Amino acid sequence: ETVLRTREGEDVPVLLSTSILYGVSNDIQGLVYVAKDITERKKAQEEQKRQHEFLLNVFESISHPFYVINVEDYTISLFNNAANEEGMHVGITCHSLSHGQDHPCSGADHLCPLQEVVRTGKPVKVEHVHGERIFEVHGHPIFDENGQVVQMIEYSIDITTRKEAEQKLAHLAQNDFLTGLCNRLSFHQHLQQILTAARQEKRRVGLMFVDLDRFKIVNDSL
């Protein structure tokens with residue numbers, strides 16, 4: 001590749017090829033030069049470079065750890081600064097990094113996001129427990145020209161605080177705030193389950209109501 005200047009003084013990028021011109025007696029008569037204008041190709045390369053730099057900047061600006069994982073061997077081929085933790089390097093397997101294991105995640109309670117992405121060909125979301133922390137792991141497929149999943153973009157979000165809040169809300173919805181005992185909603189749900197089972201098994205259910213005198217005073221005062 002080189003640059004040639006036109007008669008109008010414009011510099012044009014060209015792909016310059018040369019070959020020897022032989023005479024009848026097989027002696028060298030000169031050289032033949034062919035210059036191909038590659039202006040459009042260079043523009044396309046520059047545009048691709050700008051897009052690549054833009055995507056890298058976006059990739060690095062994300063505060064959550066992001067990885068690009070190869071389907072074939074579970075190795076990480078790219079990661080952002082937020083994922084650059086101790087022991088992190090290109091070529092390490094995702095399960096070795098996250099769990100210190102030699103084999104991928106498995107089991108209904110610990111699904112492997114990469115396997116789910118390959119199986120469905122769609123984005124997936126699974127929950128993983130790492131020690132005392134709970135993470136929501138997202139996986140997005142990357143396809144080749146044949147439509148096969150060859151890589152996966154993975155990022156994870158620490159949802160420990162959110163899960164604790166959800167559990168607390170669920171507890172408050174099912175339990176009395178003052179006593180911590182099951183509330184009326186919980187009682188109705190349990191009773192419905194018992195009555196349904198009794199109808200199916202054709203048996204009777206006994207129900208006893210116990211009243212606490214003057215408990216309203218305690219409830220209102222506390």
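## A guided tour, from the cysteines to the sheet

A search of this whole structure, which is a predicted model, finds zero disulfides. Cys-105 is in no disulfide, and the nearest cysteine sulfur, that of Cys-112, lies 5.6 Å away. A disulfide here would need two cysteine sulfur atoms within 2.5 Å.

Which of the two is buried? Cys-105 is, with a relative accessible area of 8%. Cys-182 is exposed, at 53% relative accessible area.

Switch to a cartoon view and find the open sheet of five strands, whose order is 5-4-8-7-6 with antiparallel pairing. Strand 5 (76-79) and strand 6 (124-130) stand at the edges with a single partner strand each, so one side of each has no neighbour in the sheet.

Now zoom in on one pair. Select residues 133-143 for strand 7 and residues 149-158 for strand 8; these two pair in the antiparallel sense over nine bridges.

**On to the core.** Show side chains for Tyr-67, Ile-69, Ile-76, Phe-79, Met-88, Leu-97 and Leu-114. The largest nonpolar core has 17 residues, and these seven touch the most other members. Where does this core draw its residues from? Strand 4 (66-70), strand 5, helix 2 (94-99), helix 3 (113-120) and strand 8 each supply at least two.

Leaving aside residues up to four places away in sequence, Leu-97 touches Tyr-67, Ile-76, Glu-85, Met-88 and Ile-92.

**Last stop: helix 3.** Select Pro-113, Leu-114, Glu-116 and Val-117, which are buried residues of helix 3. Why do they sit on the same side of the helix? They cover an arc of only 165° around the axis, and that places them on the same side of helix 3. Turn the view to see what they face: the buried residues of this helix pack against strand 4, strand 6, strand 7 and strand 8.

Finish by stepping just past the end of helix 3 to Gly-121, and check its backbone torsions: Gly-121 takes a positive phi of about 70°.

Conventions:
Residues are numbered from 1 along each chain as its sequence is written. This is a predicted model: local features need pLDDT of at least 70, side-chain atom pairs count only at pLDDT 80 or more; totals for chains, interfaces and linings use all residues. Side-chain values use heavy atoms; hydrogens and water are left out. Two strands pair if DSSP finds at least two bridges between them. Helices (H or I, at least four residues) and strands (E, at least two) are DSSP runs, numbered from the N terminus. A nonpolar core is a set of buried Ala, Val, Leu, Ile, Met, Phe, Trp, Tyr and Cys residues joined through side-chain atoms within 4.5 Å. Buried means under 20% relative accessible area, exposed over 50%, partly exposed in between (1.4 Å probe, protein chains only). Contact means heavy atoms within 4.5 Å. The arc is that of the directions from the helix axis to the C-beta atoms.
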